[in-house]
Amino acid sequence: MHRFVRPQLLLRDSKQPLLPTAGQLCTNHKSVVSSVRGYVVLPPTNDEEEKAMLHRMMRVDHAGEYGANRIYAGQMAVLGHTQISPLIQEMWDQEKQHLRKFNEILAENRVRPTLLLPLWNIAGFALGAGSALLGKEGAMACTVAVEESISEHYNCQIRTLMEKDPEKYTELLQLIKEFRDDEMEHHDTGLEHDAESVPGYQLMKAIIQAGCKAAICVSESL
């Protein structure tokens, strides 16, 4: 009696099956979709007023995430070898992801970044390092103040886009909400790690948030 052997479809001179696995199919499908559509966040528009509004939004969001990155860089320069450093690094890594996405959006849509990036580079690092010199509590107080300001700014953008056309701005809304939630998580983390115990917390928070609001205003236009 001959033993039946199930034939195996192989590529010539290869041990790899001809038919892809389910995982490969999913990967290939994602690659095809990505290559055809790409990840477009800003909807195309011929309306100059709408285009200007979107460019202002992306310019200031990019500036905010850039500044946040420099703040965490300053904090790590001072507290990088302390017990709080893994937590700061984790939050910084999320901010890096945010900045990469806005860098991509600006490039895809030819949005000019703010001319004040060199200033935010220095100011952000100085704020981060200066707050960290007050210890872990000072760094966390700075985080609470900054992330609360950024979250409120994102909420304003969400309301604006919802009022205009939530369906048209679906992907942009999704992105902003996701980043807003990350910022609120950082805010809550700061409170959980004794931000309010730093001397002069309320005054420090008020000064930092006033600076954030001023930075947001000038970054939209310049």
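Okay, quick housekeeping. The model is predicted, so local features need pLDDT of at least 70 and side-chain atom pairs count only at pLDDT 80 or more, while totals for chains, interfaces and linings use all residues. Residues are numbered from 1 along each chain as its sequence is written, and side-chain values use heavy atoms, with hydrogens and water left out.

Salt bridges, then. The structure holds six of them, where a salt bridge is a side-chain nitrogen of Lys or Arg within 4 Å of a carboxyl oxygen of Asp or Glu. I'll go through some of them.

Take Lys168 and Glu50: their closest N and O atoms are 2.8 Å apart. Why look at this pair? Lys168 sits in the loop between helix 5 (136–164) and helix 6 (170–192), and Glu50 is in helix 2 (residues 48–79), so the bridge ties together parts that are 118 residues apart in sequence. Helices here are DSSP runs of H or I, at least four residues, numbered from the N terminus. On accessibility, buried means under 20% relative accessible area, exposed over 50%, and partly exposed in between, with a 1.4 Å probe and protein chains only. Lys168 is partly exposed at 35%, whereas Glu50 is buried at 12%.

Next stop, helix 3 (residues 85–109), where Asp93 and Lys96 are three residues apart, about one helical turn. Their salt bridge is 3.9 Å, N to O. Asp93 is partly exposed at 33%, and Lys96 is partly exposed at 28%.

Helix 3 also holds Lys101 and Glu104, again three residues apart, about one turn. That salt bridge is 2.9 Å, N to O. Lys101 counts as buried at 15%, and Glu104 as partly exposed at 31%.

Now the packing. How do helix 2 and helix 7 cross? Their axes come within 8 Å and cross at roughly 130°, helix 7 being residues 201–221. Axes are lines fitted to C-alpha atoms over the stretch in contact, with angles from 0 to 180 degrees between N-to-C directions. That makes the two helices oblique, since under 35 degrees is roughly parallel, over 145 roughly antiparallel, 65 to 115 roughly perpendicular, and the rest oblique.

And who touches whom? Arg56, Arg59, Val60 and Ala63 in helix 2 meet Ile216, Ser219 and Glu220 in helix 7, with contact meaning heavy atoms within 4.5 Å.
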